[in-house]
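Here is a short report on selected residues and their surroundings. It is written for a reader new to this structure.

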Amino acid sequence: MSFKLKALLKSPWVFHLSTGSCNNCDIEVLDCLTPRFDVERFGMLLAPSIKHADVLLITGSCNRKSAERLKRLYEQAPKPILVVAIGECSLSRGMFMQSYNCPIPLDKIIPVDVYIPGCPPKPEAIIAGVVKLIEKIKSKTKKK
Amino acid sequence: MNREKILKNIKEKFKGDIIELFDKSPKRVYIEIKPQTIVKVASYIFKDLGARFNIASGVDTRFNIEILYHFTIEDINLLISLRVKLPKDNLEIDSLVKVFEGANWIEREIHELLGVKFKGHPDLRRLLLPDEWPEGVYPLRADYKEWDNNAIRDRGV
């Protein structure tokens, strides 16, 4: 397990999933990937399919329909997979907490590794979160 | 036709059907009509006046459920909203799908979210709600109560 994690640290491939967000977080994620903030200098690439991905980025409050799709995606992902929740909606559902269509928060559906708060989080915050994720795994792998 | 002429024509043609005509601003008119006459009035506005059907919106106003059908006449930049008030014990109205196909999905959505029955709709299935949603629970009604016992409604702090 630790070897696999160590191997994926050099270039984590990212799969981006929007579970019914307002698309503002998605725009910020897109900003990160483009040359101005350039998250690729940490080796990150956007993977076209979950089967190629090492990291699952999730934005949006999981609603009843997308929660099922999210579970299915998580099952398809090659393990170990790291899950990053981006934005207030995926952390605690934000203003949609009482909504009839958002019954369960994301971290009660699948395990989450890093939380990046903000509505939407700045690209700097996303990069900081991602760097923290890498640090976290590094410290984990060192101990073992 | 200009704006005054159109409104005058509507007033004269549907004298008995219009309950209230509220001239809000140069760009916007609300016309409240009797629910039975919706097909007649809507097809006049759509076909004879050449208006575009934008969308319909449903609102729960405690004693009634209001449906607003929004039409735009683009040549003169006028938005006509046909307002229909349905009493809560008789939520039925004629479907507009036979007049214009664009009403199909929005009527399905109003049907599942507010529980209005559209008579003559070809395919009144669910559009947005998930399959496990119970029958007869309408989430956008004012008296909606939580039905899901597994739902978590706190932030966990």
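The report covers cysteines, then a serine, then a leucine.

**Cysteines**

This is a predicted model. A disulfide needs two cysteine sulfur atoms within 2.5 Å. The sulfur of Cys25(A) has its closest cysteine sulfur in Cys22(A), 6.0 Å away, so the two are too far for a bond. Cys25(A) is also buried, at 10% relative accessibility. For the sulfur of Cys89(A), the closest cysteine sulfur is in Cys119(A); at 6.0 Å, that is too far for a bond.

**Ser21(A)**

Ser21(A) sits in a loop of chain A, between β1 (13–18) and α2 (24–33). Its relative accessible area is 18%, so Ser21(A) counts as buried.

| Side chain | Partner side chain | Polar contact |
|---|---|---|
| Ser21(A) | Ser18(A) | 3.3 Å |
| Ser21(A) | Asp26(A) | 2.7 Å |

Leaving out residues up to four places away in sequence, Ser21(A) touches Asp26(A), Thr59(A) and Gly60(A).

**Leu68(B)**

Leu68(B) belongs to strand β4 of chain B, residues 64–73. Is Leu68(B) buried or exposed? Leu68(B) is buried, with a relative accessible area of 10%. Its C-alpha atom lies 4.6 Å from that of Arg83(B), although 15 residues separate the two along the chain. Arg83(B) is also one of the residues that Leu68(B) touches, not counting those up to four places away in sequence. Others include Tyr30(B), Ile55(B), Val59(B) and Leu82(B).

How values were computed
Residues are numbered from 1 along each chain as its sequence is written. Chains are lettered from A and ligands numbered from 1 in the order in which they are written. This is a predicted model: local features need pLDDT of at least 70, side-chain atom pairs count only at pLDDT 80 or more; totals for chains, interfaces and linings use all residues. Side-chain values use heavy atoms; hydrogens and water are left out. Buried means under 20% relative accessible area, exposed over 50%, partly exposed in between (1.4 Å probe, protein chains only). Helices (H or I, at least four residues) and strands (E, at least two) are DSSP runs, numbered from the N terminus. A polar contact is a pair of N or O atoms within 3.5 Å; within protein, one must be able to donate a hydrogen and the other to accept it, and residues adjacent in sequence count only if both atoms are side-chain atoms. Contact means heavy atoms within 4.5 Å.
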